[in-house]
Amino acid sequence: MFSKFNLIELFKDGFYEIRISSKLSYSIFWHFVFPILISFIFLLFSITIDNDIISNIISSISIFSGLLFSVIFVVTENYSKRKNRMSNDSNEEAKSYLKRYKDFTEHITTLILFSVAIAIISIVFLLIYLLLIKANLQGLQMNKELVEIFEKGNSEYSKLKFITLAILQILSFISLFNYLLIIIVLVKEVYAMVFDDINYDS
(Lines give C-alpha, C1' and ligand atoms only; values in the text may rest on other atoms or scores of the structure.)
Protein backbone atom coordinates (compact mmCIF):
# COMPACT_ATOMS: atom_id res chain seq x y z
CA MET A 1 0.00 0.00 0.00
CA PHE A 2 2.84 2.40 0.88
CA SER A 3 4.39 1.95 -2.59
CA LYS A 4 1.34 3.35 -4.38
CA PHE A 5 1.69 6.75 -6.01
CA ASN A 6 -1.09 6.39 -8.54
CA LEU A 7 -3.82 8.99 -7.95
CA ILE A 8 -6.47 6.73 -9.49
CA GLU A 9 -5.47 3.94 -7.11
CA LEU A 10 -5.70 6.38 -4.20
CA PHE A 11 -9.26 7.33 -5.17
CA LYS A 12 -10.23 3.67 -5.63
CA ASP A 13 -8.76 2.73 -2.25
CA GLY A 14 -10.25 5.82 -0.61
CA PHE A 15 -13.78 5.19 -1.85
CA TYR A 16 -13.42 1.54 -0.88
CA GLU A 17 -12.54 2.59 2.68
CA ILE A 18 -15.54 4.95 3.07
CA ARG A 19 -18.11 2.98 1.09
CA ILE A 20 -21.43 2.94 2.92
CA SER A 21 -22.53 -0.37 1.42
CA SER A 22 -20.92 -3.29 -0.37
CA LYS A 23 -23.63 -2.93 -3.03
CA LEU A 24 -22.51 -0.61 -5.82
CA SER A 25 -25.98 0.91 -6.33
CA TYR A 26 -26.26 1.87 -2.64
CA SER A 27 -22.76 3.34 -2.64
CA ILE A 28 -23.46 5.43 -5.75
CA PHE A 29 -26.69 6.71 -4.17
CA TRP A 30 -25.14 7.72 -0.84
CA HIS A 31 -21.85 9.08 -2.19
CA PHE A 32 -23.21 10.95 -5.23
CA VAL A 33 -27.00 10.96 -5.67
CA PHE A 34 -27.81 11.93 -2.05
CA PRO A 35 -25.57 15.05 -1.96
CA ILE A 36 -26.91 16.02 -5.41
CA LEU A 37 -30.49 15.80 -4.07
CA ILE A 38 -29.54 17.95 -1.07
CA SER A 39 -27.96 20.49 -3.40
CA PHE A 40 -31.08 20.55 -5.60
CA ILE A 41 -33.22 21.20 -2.51
CA PHE A 42 -30.96 24.13 -1.63
CA LEU A 43 -31.21 25.47 -5.18
CA LEU A 44 -34.99 25.00 -5.16
CA PHE A 45 -35.25 27.27 -2.11
CA SER A 46 -32.65 29.68 -3.55
CA ILE A 47 -30.15 28.83 -0.82
CA THR A 48 -26.64 29.47 -2.07
CA ILE A 49 -23.24 29.56 -0.39
CA ASP A 50 -22.01 33.13 0.08
CA ASN A 51 -18.50 34.56 0.35
CA ASP A 52 -18.21 34.25 4.14
CA ILE A 53 -19.36 30.62 4.17
CA ILE A 54 -16.93 29.73 1.37
CA SER A 55 -14.03 31.47 3.15
CA ASN A 56 -14.81 29.70 6.43
CA ILE A 57 -15.13 26.30 4.72
CA ILE A 58 -11.84 26.75 2.85
CA SER A 59 -10.02 27.88 6.01
CA SER A 60 -11.43 25.00 8.07
CA ILE A 61 -10.62 22.36 5.45
CA SER A 62 -7.09 23.73 4.96
CA ILE A 63 -6.28 23.73 8.69
CA PHE A 64 -7.90 20.35 9.33
CA SER A 65 -6.20 18.71 6.32
CA GLY A 66 -2.82 20.04 7.46
CA LEU A 67 -3.35 18.54 10.92
CA LEU A 68 -4.50 15.22 9.45
CA PHE A 69 -1.49 15.08 7.13
CA SER A 70 0.86 15.39 10.12
CA VAL A 71 -0.93 12.44 11.76
CA ILE A 72 0.40 10.13 9.00
CA PHE A 73 3.96 10.54 10.27
CA VAL A 74 2.91 9.91 13.88
CA VAL A 75 0.97 6.75 12.97
CA THR A 76 3.71 5.31 10.74
CA GLU A 77 6.37 6.09 13.36
CA ASN A 78 4.30 4.33 16.03
CA TYR A 79 3.93 1.31 13.76
CA SER A 80 7.69 1.18 13.17
CA LYS A 81 8.34 1.29 16.93
CA ARG A 82 5.85 -1.50 17.59
CA LYS A 83 7.27 -3.57 14.73
CA ASN A 84 10.84 -3.24 16.06
CA ARG A 85 9.72 -4.07 19.60
CA MET A 86 7.42 -6.98 18.78
CA SER A 87 8.82 -8.52 15.59
CA ASN A 88 10.79 -11.15 17.52
CA ASP A 89 7.92 -11.91 19.89
CA SER A 90 6.66 -15.45 19.31
CA ASN A 91 3.44 -14.74 21.23
CA GLU A 92 0.47 -15.23 18.89
CA GLU A 93 -1.43 -12.42 20.58
CA ALA A 94 1.46 -10.03 19.94
CA LYS A 95 1.61 -11.06 16.27
CA SER A 96 -2.14 -10.61 15.94
CA TYR A 97 -1.95 -7.17 17.57
CA LEU A 98 0.93 -6.10 15.29
CA LYS A 99 -1.06 -7.20 12.22
CA ARG A 100 -4.09 -5.24 13.43
CA TYR A 101 -1.95 -2.16 13.96
CA LYS A 102 -0.42 -2.55 10.50
CA ASP A 103 -3.92 -2.75 8.97
CA PHE A 104 -4.94 0.29 11.02
CA THR A 105 -1.88 2.22 9.77
CA GLU A 106 -2.68 1.35 6.15
CA HIS A 107 -6.36 2.32 6.52
CA ILE A 108 -5.57 5.60 8.28
CA THR A 109 -2.85 6.55 5.77
CA THR A 110 -5.18 5.86 2.82
CA LEU A 111 -8.03 7.79 4.43
CA ILE A 112 -5.90 10.82 5.28
CA LEU A 113 -4.29 11.02 1.82
CA PHE A 114 -7.73 10.58 0.28
CA SER A 115 -9.13 13.32 2.52
CA VAL A 116 -6.34 15.68 1.40
CA ALA A 117 -7.14 14.94 -2.27
CA ILE A 118 -10.88 15.53 -1.69
CA ALA A 119 -10.08 18.71 0.26
CA ILE A 120 -8.03 20.08 -2.65
CA ILE A 121 -10.86 19.29 -5.09
CA SER A 122 -13.39 20.96 -2.78
CA ILE A 123 -11.24 24.07 -2.44
CA VAL A 124 -10.81 24.32 -6.23
CA PHE A 125 -14.59 24.09 -6.79
CA LEU A 126 -15.28 26.66 -4.07
CA LEU A 127 -12.63 29.08 -5.34
CA ILE A 128 -14.00 28.90 -8.90
CA TYR A 129 -17.50 29.44 -7.45
CA LEU A 130 -16.25 32.47 -5.50
CA LEU A 131 -14.45 33.92 -8.52
CA LEU A 132 -17.56 33.56 -10.69
CA ILE A 133 -19.69 35.33 -8.08
CA LYS A 134 -17.24 38.25 -8.09
CA ALA A 135 -16.67 38.18 -11.85
CA ASN A 136 -17.04 41.52 -13.58
CA LEU A 137 -16.64 40.84 -17.27
CA GLN A 138 -17.21 44.50 -18.19
CA GLY A 139 -13.75 45.23 -16.84
CA LEU A 140 -12.07 42.68 -19.14
CA GLN A 141 -10.36 43.66 -22.37
CA MET A 142 -12.53 41.89 -24.95
CA ASN A 143 -13.71 42.60 -28.45
CA LYS A 144 -17.16 44.05 -29.09
CA GLU A 145 -18.80 40.71 -29.99
CA LEU A 146 -17.65 39.03 -26.76
CA VAL A 147 -18.74 42.00 -24.67
CA GLU A 148 -22.22 41.73 -26.18
CA ILE A 149 -22.37 38.01 -25.37
CA PHE A 150 -20.95 38.19 -21.85
CA GLU A 151 -22.19 41.58 -20.75
CA LYS A 152 -23.58 41.47 -17.22
CA GLY A 153 -27.09 42.46 -18.13
CA ASN A 154 -27.32 39.96 -20.95
CA SER A 155 -29.92 37.29 -20.20
CA GLU A 156 -27.94 34.55 -21.96
CA TYR A 157 -24.89 35.30 -19.85
CA SER A 158 -27.02 35.37 -16.69
CA LYS A 159 -28.44 31.94 -17.53
CA LEU A 160 -24.98 30.56 -18.28
CA LYS A 161 -23.59 31.99 -15.06
CA PHE A 162 -26.51 30.58 -13.03
CA ILE A 163 -26.09 27.10 -14.56
CA THR A 164 -22.31 27.17 -13.98
CA LEU A 165 -22.74 28.26 -10.36
CA ALA A 166 -25.41 25.59 -9.82
CA ILE A 167 -23.10 22.87 -11.22
CA LEU A 168 -20.21 24.09 -9.05
CA GLN A 169 -22.45 24.11 -5.98
CA ILE A 170 -23.55 20.54 -6.72
CA LEU A 171 -19.93 19.41 -7.21
CA SER A 172 -18.93 21.18 -3.99
CA PHE A 173 -21.72 19.43 -2.10
CA ILE A 174 -20.57 16.04 -3.41
CA SER A 175 -16.93 16.59 -2.45
CA LEU A 176 -17.75 18.12 0.97
CA PHE A 177 -20.23 15.34 1.80
CA ASN A 178 -17.61 12.69 1.00
CA TYR A 179 -15.05 14.67 3.01
CA LEU A 180 -17.43 14.46 5.97
CA LEU A 181 -17.76 10.69 5.46
CA ILE A 182 -13.97 10.36 5.49
CA ILE A 183 -13.79 12.18 8.84
CA ILE A 184 -16.51 9.91 10.29
CA VAL A 185 -14.66 6.77 9.15
CA LEU A 186 -11.37 8.15 10.52
CA VAL A 187 -12.97 8.74 13.93
CA LYS A 188 -14.39 5.19 13.87
CA GLU A 189 -11.00 3.65 12.98
CA VAL A 190 -9.13 5.64 15.64
CA TYR A 191 -11.79 4.84 18.26
CA ALA A 192 -11.51 1.10 17.55
CA MET A 193 -7.68 1.13 17.64
CA VAL A 194 -7.49 3.19 20.85
CA PHE A 195 -9.63 0.66 22.68
CA ASP A 196 -7.62 -2.18 21.13
CA ASP A 197 -4.48 -0.53 22.56
CA ILE A 198 -6.09 -0.16 25.97
CA ASN A 199 -7.28 -3.77 26.07
CA TYR A 200 -4.02 -5.24 24.79
CA ASP A 201 -1.70 -6.25 27.60
CA SER A 202 1.81 -6.12 26.22
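This briefing describes side-chain contacts between charged groups and aromatic rings.

The model is predicted, and the contacts discussed here are computed from its atoms. The count of salt bridges comes to 3, while the aromatic pairs number 12.

**Salt bridges**

- In helix α1, which spans residues 7-18, Glu9 and Lys12 lie 3 residues apart, or about one turn of the helix, and their side chains meet in a salt bridge with an N to O distance of 3.7 Å.
- Helix α3, covering residues 51-86, holds both Glu77 and Lys81, which are 4 residues apart and so separated by about one turn of the helix; the side chains of Glu77 and Lys81 meet in a salt bridge at 3.6 Å, N to O.
- Glu77 is partly exposed, with a relative accessible area of 43%, and Lys81 also counts as partly exposed, at 47% relative accessibility.
- In helix α4, made up of residues 92-134, Asp103 and Lys99 are placed 4 residues apart, about one turn of the helix, and they form a salt bridge in which the closest N and O atoms are 3.2 Å apart.
- Asp103 is partly exposed, with a relative accessible area of 26%, while Lys99 counts as exposed, since its relative accessibility of 52% is over the 50% limit.

**Aromatic pairs**

- Of the 12 aromatic pairs in the structure, one is formed by Phe11 and Phe114, whose ring centres are 5.6 Å apart and whose planes stand at 90 degrees, so the pair is edge-to-face.
- This pair links distant parts of the chain, with Phe11 in helix α1 and Phe114 in helix α4, 103 residues apart.
- Phe114 is buried, with a relative accessible area of 0%, whereas Phe11 is partly exposed, with a relative accessible area of 21%; Phe11 is not classed as buried because that term is kept for values under 20%.
- Another pair consists of Tyr191 and Phe195, with ring centres 4.8 Å apart and planes at 50 degrees, so the pair is tilted.
- Tyr191 and Phe195 both belong to helix α6, which runs over residues 155-199, and because they are 4 residues apart in that helix they are separated by about one helical turn.
- Tyr191 counts as exposed, at 56% relative accessibility, while Phe195 is partly exposed, with a relative accessible area of 39%.
- Ring pairs also link Phe11 and Phe114 with Phe15 and Phe32, and these residues together make up a cluster.

**Charges over rings**

Key:
Residues numbered from 1 in each chain as written. Predicted model: local features only at pLDDT ≥ 70, side-chain atom pairs only at ≥ 80, totals over all residues. Heavy atoms only, no water. Salt bridge = Lys/Arg side-chain N within 4 Å of Asp/Glu carboxyl O. Helix = DSSP H or I, 4+ residues; strand = E, 2+ residues; numbered from the N terminus. Buried < 20%, exposed > 50% of the residue type's maximum accessible area, 1.4 Å probe, protein only. Phe/Tyr/Trp six-rings, centres within 6.5 Å; stacked < 30°, edge-to-face > 60°.
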